[in-house]
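Subject: Structure handover

Hi,

Here is the structure I promised to pass on. Please open it first, then read the notes below it.

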Amino acid sequence: MSHAANFVIPAPAVCSTAARPGALATEGPWKVHVAAAELKPVAEVVRALLEAHSRAVGSGEAGAPRRITLQIGPAPSLPSPCGIPLCGDGSHRVVVGPDGINCEGDTAEGVFRAAVSAVQMIATADELPYQELEDAPRYTWRGLMLDPARSFISVDDLRRLIDVAALYKLNVLHLHLSDNQGWRLEIPGLPELTSGEAPFYTIDEYREIQAYAAARFVTVIPEIDFPGHCGALRAAMPHLPAAPSPDGGAKSLELLSGVLQFSAPLDLSDPATDDIVRRILAHVCTATTGPFVHIGADEAAGMTHESYAAAVHRLRDLVHASGKRPIAWQEASRAGSSPEDITQHWFDPATLNRDAPPTVGGIPDEVLDALAALFAPTAEDLARILDGGGRVVLSNQSHLYLDRRYGPATAPPQQADAVARLGLYPPRPLEDMAAWDPADYGVPQDRIAGIEATLWGETLTSFDDLAFLLLPRIASIADTAWSGRPSAWQDHRERLARHGRFWTKRGLTYFASTEVPWAEE
Ligand code: TNX
């Protein structure tokens, strides 16, 4: 048994032992009690999250249940981030004593963040020393991107993933809803987009997902990827023309499409295309309850600069016109960058290293040349964003892309097949993934809006595949997103070791890397 007072991830900023020594057994039953009526909806969610881990939550069972008490109270005065318009700031206090666990914040969000620490504490330890935790998030944007466009995720499975995000104090769920391989959101008036056999979310389901997430203080950010990655839209509307290509553009697009399923980009200067895009974004903005809509703008291969820049301007204007704030991948900075922009930085030049290319099959040299040409301008994107005065969400491909393979040398034998099958990029040990530090990129701290992990779906065939690539790595990224820097590996690894049983109880598959001394029951 370690000497840690708790196994909470993200590791709490302040953890002090109580003046009066003692310990609380975590075995249930537990009752969730609210000290203010406004916290009743939070209590409902906490009960639901606890259900997989504790006996008879909130039941009328005889005996004295232990109590989680939710209450509004003064938040600890830790430095908290200045804001972009997501939820509140989430600072909170957790007190473990003889009567149970007290969860306190000065907003419902703060109370909820405290309560998920309580859920983790109960699920990961048999006994909790009396203690007091104080915590606040360093970054305002703590996200996870999922890719139902490539590998559809049912509404039920999305709910399970929203629970995971919330349990690790993430507050953004970015849904990549369209790509060459699929269109996943109903757009009223444009039934051809979703008329095939492929699954999609109805507008009602989309609203339901957002409400479920909002109850867990997670904001959904929909992405409709324009003007590249529009193969599904172009297949549904083949009359729409492709954007004009520069010299050699068509050839490079052809080469890339052979390997990466690229598709000719849309031409927004065409009035019929503009009308369709306008209707799509108006519906998406109307159906979205959060403040942001993501317009994609990545990898618009085979397009002239003028046509790309004009498309990005138009997409940003359309989102603004519908009352939302646009966000885009880093390439959009080439269309201009302003202090209001939040831009998602992703590309890692090392991906083009010919000695260790992504494992998407032997890529021929001429395709690698085309990729190098496509990504040549990415080296300047970050400077363009910062010079324009805007902020970045860091989604570094090197460490925050969860479609990276796991190392066969760290795989338990029963997971060797999954390790061989899943992910695109060469393996990186968990310790190295968890060591990623947002300070390493030379971006001034006040220009980092936050951190977002992505889980692209090209290699996934099931929910278990998705969970396998997600866990344990999302816990490490959430730790850094919340605290602003990576935890010491020895401490983090001991915490992770207790989360294997946490995931198992929730029915989630995880990669049981030999780097972690897992403490399953
Ligand atoms: C690049 S990241 C893409 C995605 C792929 C991903 C695979 C980005 C903005 N575009 O379309 O799925 O790589 O890792």
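This is a predicted model: local features need pLDDT of at least 70, side-chain atom pairs count only at pLDDT 80 or more; totals for chains, interfaces and linings use all residues.

Ligand site

Which residues surround the ligand? The set is Arg150, His229, Asp298, Glu299, Trp329, Trp346, Tyr401, Asp403, Leu424, Tyr425, Trp456 and Glu458. The side chain of Arg150 places an N or O atom 2.9 Å from a ligand oxygen. For Tyr425, the distance from a side-chain N or O atom to a ligand oxygen is 2.5 Å. Glu299 has a polar side-chain atom 3.4 Å from a ligand nitrogen. On its own, the ligand has 360 Å² of accessible area, and the protein covers 95% of that.

Aromatic pairs

The count of aromatic pairs is 18. Take Phe112 and Phe217: their centres are 5.3 Å apart, with 35 degrees between the planes, a tilted pair. Phe112 sits in helix α2, and Phe217 in the loop between α4 (203-214) and β13 (219-226), so this pair ties together parts 105 residues apart in sequence. Are these two buried or exposed? Buried means under 20% relative accessible area. Phe112 is at 0%, so it counts as buried. Phe217 is at 15%, so it counts as buried too.

Tyr401 and Trp456 also pair. Their ring centres are 6.2 Å apart and the planes meet at 50 degrees, so this pair is tilted. Tyr401 lies in the loop between α11 (397-400) and α12 (416-421), Trp456 in the loop between β18 (448-455) and α14 (463-470); the pair therefore ties together parts 55 residues apart in sequence. Both Tyr401 and Trp456 are buried. They belong to a cluster linked by ring pairs, together with Trp329, Trp346, Phe347, Phe375 and Tyr425.

Nonpolar cores

In soluble globular proteins, nonpolar side chains tend to be buried together. Here the largest nonpolar core holds 141 residues. Leu70, Ile101, Leu146, Phe226, Ile280, Leu470 and Trp503 have the most contacts inside it. Helix α2 (residues 108-124) gives the most to this core, with ten residues. Another core, of 21 residues, lies apart from it; Met145, Leu256, Trp346 and Leu424 are among its members.

What does Trp503 touch, leaving out residues up to four places away in sequence? Its contacts are Tyr168, Leu471, Pro472, Ala475, Leu496, Leu508, Tyr510 and Trp518.

Best wishes

Conventions: Residues are numbered from 1 along each chain as its sequence is written. Side-chain values use heavy atoms; hydrogens and water are left out. A nonpolar core is a set of buried Ala, Val, Leu, Ile, Met, Phe, Trp, Tyr and Cys residues joined through side-chain atoms within 4.5 Å. Buried means under 20% relative accessible area, exposed over 50%, partly exposed in between (1.4 Å probe, protein chains only). Helices (H or I, at least four residues) and strands (E, at least two) are DSSP runs, numbered from the N terminus. Contact means heavy atoms within 4.5 Å. A residue is near a molecule or strand if one of its heavy atoms lies within 4 Å of it. A polar contact is a pair of N or O atoms within 3.5 Å; within protein, one must be able to donate a hydrogen and the other to accept it, and residues adjacent in sequence count only if both atoms are side-chain atoms. Accessible areas come from the Shrake-Rupley method with a 1.4 Å probe; for residues, only the protein chains shown count as cover. Rings of Phe, Tyr and Trp (its six-membered ring) pair if their centres lie within 6.5 Å; planes under 30 degrees apart count as stacked, over 60 as edge-to-face and the rest as tilted.
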